[in-house]
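Here is a short report on a predicted model. Look at the sequence and structure first, then read on.

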Amino acid sequence: GIKAIGNGAVELYHNNSKKFETESDGVTVTGTVSDSIGNVRRLGQVSATSSFTIASDHADKFIRQTTSGRTMTVPANVFGIGSMITIVNRSSGTQTIAQGSGVTMYNSADGSTGDRTLAANGMCTLLFTASNEVYISGAGLS
C-alpha cells in the first residue's frame, strides 16, 4: 500500500513491510534495487570466448573473456556519455581491445590513441565521454 505522511513524505509497503520512503534529502529503500541489468550495486556479466564488437547491451557490465588471443572492438556511436564497460582477461594469453572506425580511444596513462593489449589476468575499464570518444585504463594494459 501507499501511505502519505503529513510532512510531504510518502511510504510504499509490500505485505505490510515498508520498502520505500521519500525524505526531504532523498529516498530510503529497504531491500534490493534492480533494473533491466540486475542489482544496481553489482555489474552484470557478459561471458566471452570469441572475438566480437562490443554491443550496446554490454553497457555498464563487465566482459569476462576466457579464451586467449581474441579481439574486442570498441564501436562508434553505440554508447552514451558516461557508459562504462570493464573487461577482465581471464585467460593465459593477451587480448586486443581495438579502436573501431570513427572512435578515438585514449589510453589514460599517456594520452596515446589506438588499439590496446590486455595482459593475461589483466583488467581494464572503458569510459565513454562522447559517442565516439572513450578513455581506457587498467592493470596489465599496454
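## Aromatic pairs

Phe 79 and Phe 128 are both buried. In this predicted model, the structure has two aromatic pairs. Phe 79 and Phe 128 make up a tilted one. Their ring centres lie 4.6 Å apart, with 35 degrees between the planes. This pair ties together distant parts of the chain. Phe 79 sits in the loop between β8 (71-74) and β9, while Phe 128 belongs to strand β12 (residues 116-130). The two are 49 residues apart.

Tyr 106 and Tyr 135 also pair. Their ring centres are 5.1 Å apart and their planes meet at 25 degrees, so this pair counts as stacked. The pair, too, links distant parts of the chain: Tyr 106 lies in strand β11 (residues 104-107) and Tyr 135 in strand β13 (residues 133-141), 29 residues apart. Tyr 106 is partly exposed, at a relative accessible area of 24%. Tyr 135 is partly exposed as well, at 33%. Both values fall between the cut-offs of 20% for buried and 50% for exposed.

## The open sheet

Four strands form an open sheet in the order β1-β2-β3-β4, and the pairing is antiparallel. β1 (2-4) and β4 (26-29) are the edge strands. Each has a single partner, so one side of each lacks a neighbour in the sheet. From one strand to the next, the twist averages 15 degrees.

Within this sheet, four bridges join strand β2 (residues 10-14) to strand β3 (residues 17-23) in the antiparallel sense. Glu 11 faces Glu 21 in β3.

Is strand β7 enclosed or open? Strand β7 (residues 61-65) has four of its five residues buried, so the rest of the structure largely encloses it.

β7 pairs with strand β5 (residues 44-48) in the parallel sense, over five bridges. There, Gln 45 has Phe 62 as its bridge partner in β7. β7 also runs parallel to strand β9 (residues 84-89), joined by four bridges. Ile 63 stands opposite Ile 87 in β9.

## Asn 89

Strand β9 includes Asn 89. Asn 89 is buried, with a relative accessible area of 0%. What does its side chain reach at 2.7 Å? The backbone oxygen of Gly 93. The side chain of Asn 89 also makes a polar contact of 3.0 Å with the side chain of Gln 95.

Beyond its neighbours within four places in sequence, Asn 89 touches several residues, among them Gln 65, Thr 94, Leu 118, Ala 119 and Asn 121.

Key: Residues are numbered from 1 along each chain as its sequence is written. This is a predicted model: local features need pLDDT of at least 70, side-chain atom pairs count only at pLDDT 80 or more; totals for chains, interfaces and linings use all residues. Side-chain values use heavy atoms; hydrogens and water are left out. Two strands pair if DSSP finds at least two bridges between them. Axes are lines fitted to C-alpha atoms, for helices over the stretch in contact, and angles run from 0 to 180 degrees between N-to-C directions. Buried means under 20% relative accessible area, exposed over 50%, partly exposed in between (1.4 Å probe, protein chains only). A polar contact is a pair of N or O atoms within 3.5 Å; within protein, one must be able to donate a hydrogen and the other to accept it, and residues adjacent in sequence count only if both atoms are side-chain atoms. Contact means heavy atoms within 4.5 Å. Rings of Phe, Tyr and Trp (its six-membered ring) pair if their centres lie within 6.5 Å; planes under 30 degrees apart count as stacked, over 60 as edge-to-face and the rest as tilted.
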